[in-house]
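Please consider the following note on the structure shown below.

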Amino acid sequence: MEMSEEIYANAEDTADDGANYSVCENSYEDVYANEDNLETQRTGSFKQSVSSGFNTKGGRCYRLTAVCLLLLCVFLLTAIIVLWIKFTNLNTQIDQLQTSYNTLTIERDQLQTSYNNLREECQSSNVMAGVLVKQGWRFFNSKLYYISIEKKNWTESREDCREKGADLVIINSKEEQEFIIKQLGESNWAWIGLSDRDTEGEWKWVDGTELRSGTGFWYKGEPNDAGNNEDCAEIWTFPDKKSWNDKPCSYDTQWICEKSVS
């Protein structure tokens with residue numbers, strides 16, 4: 001009986017020891033599990049920290065890159081606008097230069113045409129002058145002069161000049177006066193294109209221009225309108241009277257025609 005009780009007692013002790021061992025084993029497993037969980041938490045925290053740091057640096061880098069790209073775009077846009085403005089201005093200048101060139105070309109062509117026409121006219125005038133000189137005309141200072149041999153009154157003399165494409169001479173300078181006197185010869189006289197037939201005392205040339213008072217090459221005391229009938233002017237070539245005189249327009253006298261070479 002006592003042996004049986006000891007066996008039971010030992011069996012109970014053994015059972016208690018097994019239970020205690022199971023408890024201990026479970027405790028060790030819990031410790032290992034806790035350590036694993038802690039390690040996992042630490043690893044997760046580390047990864048999260050690393051990821052967070054990476055995200056923060058990456059965000060800054062992205063923002064910096066975006067700003068740089070934006071500034072680059074603004075710079076490129078500004079450059080394009082400036083270049084476009086310069087290109088537009090350059091095109092405008094080119095158009096203006098082309099217009100100026102075209103205008104100058106037209107003007108050059110016109111000048112060339114005018115030059116050619118003037119050259120032809122000059123050649124034609126020289127030919128005409130040569131022919132007229134052979135017919136008795138005298139050349140002086142781009143004008144031609146014809147001294148008649150016949151004698152007619154002032155009106156008929158002017159008509160003869162007009163038939164020749166000329167008119168009675170208009171004397172505008174001392175040089176022209178001296179040339180006519182020389183061509184007319186000594187002790188001679190001839191009609192010139194000056195009269196006051198329209199209004200007494202208002203001497204006018206055949207082209208309508210008025211001879212101002214106190215001008216001209218009148219002989220002393222002339223014009224005097226002797227007999228109230230001296231309305232036409234003649235030129236004298238006497239040794240002591242190389243000047244103008246008023247005379248009745250109805251007298252027959254030689255005359256002098258004048259025409260421009262051109």
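1. Cys73 counts as partly exposed, at 49% relative accessibility. Cys68 is likewise partly exposed, its relative accessible area being 45%. Here buried means under 20% relative accessible area, exposed means over 50%, and partly exposed lies in between (1.4 Å probe, protein chains only).

2. The model is a predicted one, in which local features need pLDDT of at least 70 and side-chain atom pairs count only at pLDDT 80 or more, while totals for chains, interfaces and linings use all residues. Residues are numbered from 1 along each chain as its sequence is written, and side-chain values use heavy atoms, with hydrogens and water left out.

3. The protein holds 3 helices and 8 strands, where helices (H or I, at least four residues) and strands (E, at least two) are DSSP runs numbered from the N terminus. Their order from the N terminus on is α-β-β-α-β-α-β-β-β-β-β. Of the 262 residues, 25% count as buried.

4. With bonded cysteines counted along the chain, the pattern is 1-4, 2-3. Cys68 takes part in no disulfide; the nearest cysteine sulfur belongs to Cys61 and is 9.3 Å away.

5. The link is left-handed, with -85 degrees about the S-S bond. Cys161 counts as buried because its relative accessibility is 0%, and Cys257 is also buried, with a relative accessible area of 0%.

6. The sulfur atoms of Cys232 and Cys249 are 1.8 Å apart and form a disulfide. Cys232 belongs to strand β6 (residues 232-236) and Cys249 to the loop between β7 and β8, so that distant parts of the chain, 17 residues apart, are linked. This link is right-handed, with 95 degrees about the S-S bond. Both Cys232 and Cys249 are buried.

7. What is the count of salt bridges? The count is 6, taking a salt bridge as a side-chain nitrogen of Lys or Arg within 4 Å of a carboxyl oxygen of Asp or Glu. Among them, Asp160 and Lys164 meet at 2.8 Å, N to O. Asp160 counts as buried, at 10% relative accessibility, whereas Lys164 is partly exposed at 29%.

8. Another salt bridge joins the side chains of Glu186 and Lys242 (3.3 Å, N to O). Glu186 lies in the loop between α3 (174-184) and β4 (189-195) and Lys242 in the loop between β6 and β7, so the pair ties together parts that are 56 residues apart in sequence. Glu186 is exposed, with a relative accessible area of 55%, and Lys242 is partly exposed at 38%.

9. Glu234 and Lys247 also meet in a salt bridge, at 3.2 Å, N to O. Because Glu234 lies in strand β6 and Lys247 in strand β7, the pair ties together parts 13 residues apart in sequence. Glu234 and Lys247 are both buried.

How values were computed: Disulfide = S-S within 2.5 Å.
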